[in-house]
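Here's a quick briefing to read alongside the model. It covers a pocket, a sheet and some aromatic contacts.

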Amino acid sequence: MEYWGYVRVSVDRKAQAAGWEEQIRTLKTLGVKDTNLHTEEASTRDTRPVFENLLVRANRDATSERRICIVAAKMDRAFRDLAAADAAITDPTNPNVIWLLPDLSKHPLDPSDPTQMLLVRMMGAVAQFERDRLAERRAYGIAKAKQEGKYKGRKATARAKTEDVLACHARGLKPAEIAKVVEIGVASVYRILRDAKRSTVSDVGAYGSI
């Protein structure tokens, strides 16, 4: 069996260095080699090209003689919610692609084992409940801080470098090259370029309607 690892942070690996390194350590402990590590800096709400390409390749290449196990340090590093995780694990596009999520189970997940799937769903539901509670407490804290005039919002990260990204893009640099020059994630570069394109289209549309 081949172990393919997926590492993701929602902002960038410098701002979330501890989480980034911890995920990599976890995956290596579970048997993922450096050559099979797939890393990405993107929120689950945005497009995740590395994750999507990983799934496409795994579903294409996995066979009964070459089973592929995709490993993520935690369920929320790979999936948006419990429903998405349940669908991928219990109803895979290719049955020879399986998952290992150590926060749910220390062993590769077997969708044909009803007992294991029950435990996975129960643990996944608890994990999602805790994340929802955390989000609720965070939202309450932000609302309270706003009322007291203490809320300043999250410190700007990649978006603060929009002008630098656009300048590099105008010089003909590719997204991966821009990411290295500006020192942000490739996903952030794509997001900035996409937003800039939408803004340009919107301005042209507004001008044309005058």
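A pocket here is an open set of grid points where a 1.4 Å probe fits, with protein on both sides within 12 Å along at least five of seven lines. Keep in mind that this is a predicted model. With that in hand, here's the rundown.

**The second largest pocket**
- The second largest pocket comes in at a volume of about 390 Å³.
- Its lining counts 18 residues, and E41, A179, I184, G185 and V186 are the ones nearest the centre.
- Four elements, β2, α2 (49-61), α7 (175-182) and α8 (186-208), each give at least two residues to that lining.
- Sorted by class, the lining of this pocket splits into 9 nonpolar, 2 polar and 7 charged residues.

**The sheet**
- An open sheet is built from 4 strands in the order β2-β1-β3-β4, with parallel pairing.
- β2 (37-41) and β4 (97-100) sit at the edges, each pairing on one side only.
- On average, neighbouring strands of this sheet are turned by 25° against each other, direction ignored.
- β1 (residues 2-9) pairs with β2 in the parallel sense over 5 bridges, and Y6 stands opposite H38 in β2.

- Searching the whole structure turns up 4 aromatic pairs.
- One of them is F51 with F79, edge-to-face at 6.4 Å centre to centre and 90° between the planes.
- F51 belongs to helix α2 and F79 to the loop between α3 (75-78) and α4 (82-90), so this pair ties together parts 28 residues apart in sequence.
- Both F51 and F79 are buried.
- Ring pairs also join Y6, F51, F79 and W99 into a cluster.

Methods. Residues numbered from 1 in each chain as written. Predicted model: local features only at pLDDT ≥ 70, side-chain atom pairs only at ≥ 80, totals over all residues. Heavy atoms only, no water. Pairing = 2+ DSSP bridges. Axes fitted to C-alpha atoms, helices over the stretch in contact; angles between N-to-C directions. 1 Å grid on protein atoms, 1.4 Å probe; cavity = no way out; pocket = protein on both sides within 12 Å on 5 of 7 lines; lining within 4 Å. Points joined across faces, edges and corners; volume = space filled by probe spheres on them. Nonpolar A, V, L, I, M, F, W, Y, C, P; charged D, E, K, R; others polar. Phe/Tyr/Trp six-rings, centres within 6.5 Å; stacked < 30°, edge-to-face > 60°. Buried < 20%, exposed > 50% of the residue type's maximum accessible area, 1.4 Å probe, protein only.
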